[in-house]
Amino acid sequence: MTFDISLLEPKEVSINLKLFKLFRFFHLFDPKTRKVCNVNVYHLAWYFINSVLSCIVIYALLGYFTETEGVTVVVFHIQIMFFCLNISLCFIKIIVFLYKANNIWDLLRVTDINFLTSTHCQTHIGILHNYRKKSIKITNITCVLVFINAIEWTLYPLVLNLLQGEDANQSNRRLENMFNLRFPVTINDYNNNYVIFFIMESSFAPFMVYVSVMIDAFFVSVCYVLIAQYEMIKRAYENVNIKLNSKNNNENKNDFNVNDCFDDLVSIMTDQQKLFAKLKLFYSAFKIIILTTVITNSGSIIILTYESVVILTSSESIPILSVIKLITAFVYMIIVLFFLCYLLEHINNKMESVHFGMYSCNWTSMNLRSKKMLLLSMQLNSANELMIKITPRKIVNLQFFSSVIITCYNVLSAMLNIQNK
């Protein structure tokens with residue numbers, strides 16, 4: 001595949017390339033990355049990390065198939081369910097990215113500032129710059145929030161065990177850990193070797209944080225690029241037969257240039273087809289990730305809400321750190337699910353708005369040849385409908401997000417009613 005040197009310059013692309021290069025995420029699909037036996041060295045590293053963590057997960061879950069001492073409270077079971085959902089999602093995300101590395105690299109072409117080459121699209125390049133600033137700001141904030149969340153989850157068991165002191169060792173129960181996985185060992189062995197088990201569990205934190213932050217940030221960045229470029233194409237169609245003041249983009253509807261109209265339409269339509277090809281590539285690469293994220297986050301919202309209710313209705317004292325840990329995880333899951341649905345709906349709306357942009361242009365002053373070209377553009381735009389669907393009728397959008405929240409709380413209500421009986 002041809003290597004595009006412009007993708008190495010952060011100012012030449014409309015994504016947060018500095019962030020992706022800083023954390024070596026960009027190197028996962030960069031064809032110039034060093035290879036061993038014709039395999040990307042970062043891919044080999046991730047294969048090794050996935051294998052090691054998978055072994056730890058299997059070993060931790062063996063506790064459910066062997067007899068262990070003591071009684072595990074329901075909150076621990078809920079935390080383990082939350083862990084299993086999210087670690088599975090992270091494995092799926094990174095495996096998909098490794099498998100689709102070539103497609104991801106090809107997709108990066110759409111982030112080039114000059115991807116749309118027609119004169120009318122380049123006139124509105126300021127739209128792309130504005131969305132670029134917004135996406136960089138959002139991805140940076142997301143990184144900070146996830147890192148804070150990870151630090152809270154990691155330090156919580158250490159602080160709690162320190163506050164409880166000797167009471168934890170004398171209560172014949174396992175010391176608090178990050179996810180409280182049920183390793184197939186006795187309570188005494190677990191507590192005596194707590195440092196080892198804590199390191200094993202905390203090793204999941206950097207893995208989950210890295211995968212979640214980088215892939216979610218990449219998804220948000222590409223979505224904003226697609227939204228901005230569809231907006232540019234819409235504006236280009238609106239002004240296709242109108243002279244623009246390049247300084248302030250004010251429209252002068254009294255000046256028409258009929259002779260150049262056909263060529264302008266051809267160049268805009270060419271850009272539109274290039275963009276649609278990248279949109280198809282984006283959906284093909286992210287479809288599995290989108291669907292699994294929707295399912296996993298929905299389940300996590302139910303689990304975390306149910307755990308919060310169990311803790312709040314319990315007669316035992318509630319550590320404030322436990323409440324903070326649950327709140328931060330719950331807020332992050334809601335934000336990710338909302339942004340996913342919001343951005344996909346925004347892309348769909350921008351695609352539809354291109355059609356209205358075609359109708360809004362000054363088509364009455366065009367010659368017959370240009371009108372036929374505009375009609376062809378409308379037909380192609382109508383044929384190029386592409387949406388991510390959960391079912392043949394359910395589209396991933398904000399309406400789906402609201403239905404997920406409603407369903408989550410209906411299930412939660414049923415679970416609480418069963419518990420009270």
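Trainee: Let's begin with Lys274. Which ring does Lys274 lie over?
Mentor: The ring of Phe115. Lys274 lies over its face, at 4.9 Å from the ring centre. Keep in mind that this is a predicted model.

Trainee: And Lys21, which ring is under that one?
Mentor: Phe26. Lys21 lies over the face of that ring, at 5.4 Å from its centre.

Trainee: Okay, let me zoom out. How many helices and strands does the protein chain have?
Mentor: There are 14 helices and four strands. The chain has 421 residues, and 51% of them count as buried.

Trainee: What about contacts along the chain? What share join residues at least 24 apart?
Mentor: Take the contacts between residues at least 6 apart in sequence. Of those, 79% join residues at least 24 apart.

Trainee: Now the inside. How many residues are in the largest nonpolar core?
Mentor: It has 131 residues. Phe29, Phe218 and Phe286 have the most contacts inside it. Helix α10, residues 204-238, gives the most to this core, with 26 residues.

Trainee: Phe218, then. What is Phe218 in contact with?
Mentor: Leave aside neighbours within four places in sequence. Then Phe218 is in contact with the phenylalanines Phe20, Phe25, Phe29, Phe97 and Phe286. Ile104, Leu107 and Leu108 are also on the list.

Trainee: Lots of rings there. How many aromatic pairs does the count come to?
Mentor: The count comes to 35 aromatic pairs. Take Phe29 and Phe218. Their ring centres are 5.8 Å apart and their planes are at 50°, so this pair is tilted.

Trainee: Where do Phe29 and Phe218 sit in the chain?
Mentor: In distant parts of it, 189 residues apart. Phe29 is in the loop between α1 (17-22) and β1 (35-36), while Phe218 is in helix α10.

Trainee: Is Phe29 buried or exposed? And Phe218, buried or exposed?
Mentor: Phe29 is buried, with a relative accessible area of 5%. Phe218 is buried too, with 1%.

Trainee: Now Phe339 and Tyr342. Why does that pair count as edge-to-face?
Mentor: Look at the planes of the two rings. They are at 80°, so the pair is edge-to-face. The ring centres are 6.4 Å apart.

Trainee: And where do Phe339 and Tyr342 lie?
Mentor: Both lie in helix α12, residues 320-360. They are three residues apart, about one turn of the helix. Phe339 is partly exposed, at 24% relative accessibility. Tyr342 is partly exposed as well, at 28%.

Trainee: Switching to charges. How many salt bridges does the structure hold?
Mentor: Six. One of them is between Asp216 and Lys93, with the closest N and O atoms 2.9 Å apart. That pair links helix α10 with helix α3, 123 residues apart. Both Asp216 and Lys93 are buried.

Trainee: What does Asp106 pair with?
Mentor: Lys278. Their side chains meet in a salt bridge, 2.9 Å from N to O. Asp106 lies in helix α4 and Lys278 in helix α11 (residues 261-313), so the pair ties together parts 172 residues apart in sequence.

Trainee: Is each of them buried or exposed?
Mentor: Asp106 is partly exposed, at 27% relative accessibility. Lys278 counts as buried, at 12%.

Trainee: How far apart in helix α10 are Glu238 and Lys234?
Mentor: Four residues, which is about one helical turn. Their side chains meet in a salt bridge, 3.8 Å from N to O. Glu238 is buried, at 18% relative accessible area.

Trainee: And which residues are linked in a network?
Mentor: Glu231, Arg235 and Lys350 are linked in a network of salt bridges.

Trainee: Last one, Lys100. Where does Lys100 lie?
Mentor: In the loop between α3 (74-99) and α4 (101-107). Lys100 is buried, yet has no salt bridge. The nearest side chain of opposite charge is Asp106, 11 Å away.

Trainee: So what does Lys100 touch?
Mentor: Ser284 and Ala285, not counting residues up to four places away in sequence.

Methods. Residues numbered from 1 in each chain as written. Predicted model: local features only at pLDDT ≥ 70, side-chain atom pairs only at ≥ 80, totals over all residues. Heavy atoms only, no water. Helix = DSSP H or I, 4+ residues; strand = E, 2+ residues; numbered from the N terminus. Buried < 20%, exposed > 50% of the residue type's maximum accessible area, 1.4 Å probe, protein only. Lys, Arg positive; Asp, Glu negative; His and termini not counted. Salt bridge = Lys/Arg side-chain N within 4 Å of Asp/Glu carboxyl O. Contact = heavy atoms within 4.5 Å. Core = buried A, V, L, I, M, F, W, Y, C linked by side-chain atoms within 4.5 Å. Phe/Tyr/Trp six-rings, centres within 6.5 Å; stacked < 30°, edge-to-face > 60°. Lys NZ or Arg CZ within 6 Å of the ring centre and 35° of its normal.
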